[in-house]
Amino acid sequence: MASILQKVLDIPSVLSHFLEVDNKDITNCKILGQEQNGEFILCWDLRNQEGSCTAVGLFFYTIKKIQVLMKFKHLVNIVQASINYKNSILGYVTKEPFEDCVEYYRNHISIKKQEKVVNQFSWAQWEPQHQCLFYIHYSNMANSNSDEASLSALQFHDEPQHETVLNVPLNLPNRKTTAENLSNGYFDIPVPLCVHDSMLDVRVLSDARGFVAVCHYYLYQGVSAPLANDHLRTVYLAFSITLLHHGSVVHCNIAGVPMVRAYESRPIFTMQGDQHLLVHFPNMCTLLLDVGPDHEPNCHIVIPCADENRSWKSTIATTIGSAGTVIDLSTMAVFETKITKRHLIEAFKQPDAVLANQQAILHYFIVHRRDMDIVNQLLNSVVDNGLHINCSKLLQEILVGSAFAQVKRNLLSDSISLARYLPITISKHNVPLEIKVNGYTLALSQEMLENPRVMLLSPRQRLIPFRDDLWTRLWELLPGGSIAEDNATSRQEIPRFSNTTVAVKLNVSLVCYQPEVLSRCCTPLSPGGSMLSNSIANIAISDLSHSFQSSSVQLPFVETDTSAASKQEHVISVNLRELSMHLLKQSSMRSNKLRSRNMTEPNAMHVHAVATKYASSQLEISRSLCAHLTLAAGVDTRLHKQIGFQLIDNIEDEQRRSLLTVLQRLIHAADTLAFPLPQGFLSFITYLGYKVMSATMFGQYVRCNTFSLNVDVMKKILADIVDNKEGVLKKLDLLQSLPHSRAKRLMNQWSHPMSVMLRAREHAAEILGGMSIRTSNYRRNVKYRSNSGVTSAFPSQHRMSPLETFLELLTAKAMLADIDYNLLVDATVASTKENMFN
């Protein structure tokens, strides 16, 4: 597997090319800092004919250009530097063996005012983009316990005032026990500008949307771990990321790592796009954490990494202006952290891949990347392992994620706020993840913070109330946050709609579901149009260039149902009703006001529009997934002239088995999530199961309601079964599994003597039971038809035969017009035959 870190350039090489000097003449090149616009401040020692001197310059990373700011006449040990936005004032810090000095360079200038903003701290980081200082301090530096540490944020403004906007209590190791074997003093990291002691390895990531993540990396050893030398000792690699905008903490630890390797695997924390935080352990693994502000933290991806045969130790620093860019401070090489499609595909296809990891990869490509071509590739891998227990779960993730992505893409700006109530994944964020990576066990868990809003100043409490900056947006993103409210009470996050709740209600309602009674006109999707017309309209306005929809892929059956009302419509109507009620309830609750001032309050019409789009998207995604599963199973409908039952008759037995396996997984996934299936699907899979399974197994599937014996498939099956003794018994067994009215219609179309006898018995039983069934097509007053060879039924002309006696009995119970004499005579004649199966 290729490395996550891709080398972009070497700063010394760019510097020597720009200055037109040899690489050997440039030494001690280092970064002094990074400005608000992302430019790096460099210094280097330049050797020339007159001697050696130190120079300072600006490095523009995006255009690979360097601007020399000043040259000293001699060598100067500069450790930090900064410049104003006009590039007219340069401030730098020099460090001598026993003296630190801060100087400003611009002709003659003096420092007029000096202010101490933080008295004591053990860690500090300057965030130039937002002009704020993060620092960790203890209530008592001399005697501090693990529960007395706090992370504060000091926000600076253009005016002289500054304010403390954040104060988060931290759970850090005890300083006394931890610092016994650590060296004293502070360490400087230029990018981002950070000062810390030897205890803490902390990094704060933030952006203008209100995203704030506090990343803390540490090593620890079990209490009962035996003492050993450094090369034999094993420790836990661990980190915790406090997501302030979500009010939660993500914990991770890797057990049993040798001490030597632990020092070489210091993680890199950086943003990967807008929604993901990347944590890279060199030579071990990479985590892609889905912690963006768009939805709750979930669907985290773990990617095993190949051994890079390199020790990074503490030489990697993350840049500020360019997300995903890191610098090796020892070699001044610039790298990009890039998760490619190949990385994710290989992680998905690993033989020992964990279900949660595979679901997270599908979620990444469906919801965040919207790359359905890759999803189709992964779908082929799922079909290849169709018998695996996780197959149905992966199909569920595709159904839920695709429906959400399609609805959100088509929503108007007025109703986009309702998307946060829709289901986005089937993964549970509170379920711990445990996965094997390169022989080590990685455990990932997540927990919620208690009352996170009390840690932050509300917009009303600021020096300038409702100032539009990082902290106001963070307040809006906090669970239950609102720009209009000023309290700090803890409130539950808004719940998303649950598909499984609908499935539970459907399991109850489908017990008494009668398609012959339900009217098709009772469940429209929206006023003024039918379900199918609205569905087609929604799909027509969709951007389907990278979706499941494709004109070259079609369903293997005709989308028609022969009953008066289909199960599909019943499922859609229940989904529509339940989702509409959920959206209306959640959007109208006062405690769930909108968290952003840029979103408008949705009304009832928005609720109905979103529910309609989601219900129609469920059907369209189900259709598309069915078509692509058929293709992945090796059945290309484009190569066959016929579809439906004729397609099943023409394909090979192996193709039938493969197709049945994947379609069974699809029907299980759809039923679990209450997703509607295309019309004609149940008849198609029933006939497919009839052709593949034994009669006994097929009967079990029918009795368990997995297969539906609709009229069209029953006609096909009854016509396919030979009318010998075994075949008649099979037909009768299937007919007994049908509702009475449906079985009766099919019996009327079956011309076998057994069918005549059974219908005659039922007809006689109805008359004797007092049920009068009048027929208007023809009179039934003919006693019997002359028929040769039935002497057992009509023994003589001088006495009544048993048939005549029975007919007289029926005449006494019903009117002559209600008795079907011909049916009774035919049944009597059939019963006299010695072998009715010839």
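What span should the 13 residues of helix 6 have at 1.5 Å a residue, and how far apart are its end C-alpha atoms? I looked this up in a predicted model. Helix 6 covers residues 372-384 and should span 18 Å.

I then listed the buried residues of helix 6. They are Met372, Ile374, Val375, Asn376, Leu378, Leu379, Ser381, Val382 and Val383.

I noted an open sheet of four strands in the order 2-3-4-5, with antiparallel pairing. Strand 2 (26-34) and strand 5 (65-71) are the edge strands, and each pairs on one side only. On average, neighbouring strands of this sheet are turned by 30 degrees against each other, direction ignored.

I looked at one pair in detail. Strand 4, residues 51-60, pairs with strand 5 in the antiparallel sense over six bridges. Ala55 stands opposite Lys71 in strand 5.

I also checked what lies across these strands. Helix 1 (residues 11-19) lies across strand 2, strand 3 (40-48), strand 4 and strand 5. Helix 1 runs at about 110 degrees to strand 2.

Last entry: Thr325. I located Thr325 in strand 24, residues 325-328. Is Thr325 buried or exposed? Its relative accessible area is 2%, and the cut-off for buried is under 20%, so Thr325 counts as buried. Leaving out residues up to four places away in sequence, I find that Thr325 touches Tyr61, Thr270, Thr318, Thr319, Val334, Phe335 and Glu336.

Methods:
Residues are numbered from 1 along each chain as its sequence is written. This is a predicted model: local features need pLDDT of at least 70, side-chain atom pairs count only at pLDDT 80 or more; totals for chains, interfaces and linings use all residues. Side-chain values use heavy atoms; hydrogens and water are left out. Two strands pair if DSSP finds at least two bridges between them. Helices (H or I, at least four residues) and strands (E, at least two) are DSSP runs, numbered from the N terminus. Axes are lines fitted to C-alpha atoms, for helices over the stretch in contact, and angles run from 0 to 180 degrees between N-to-C directions. Contact means heavy atoms within 4.5 Å. Buried means under 20% relative accessible area, exposed over 50%, partly exposed in between (1.4 Å probe, protein chains only). The expected span of a helix is 1.5 Å times one less than its number of residues.
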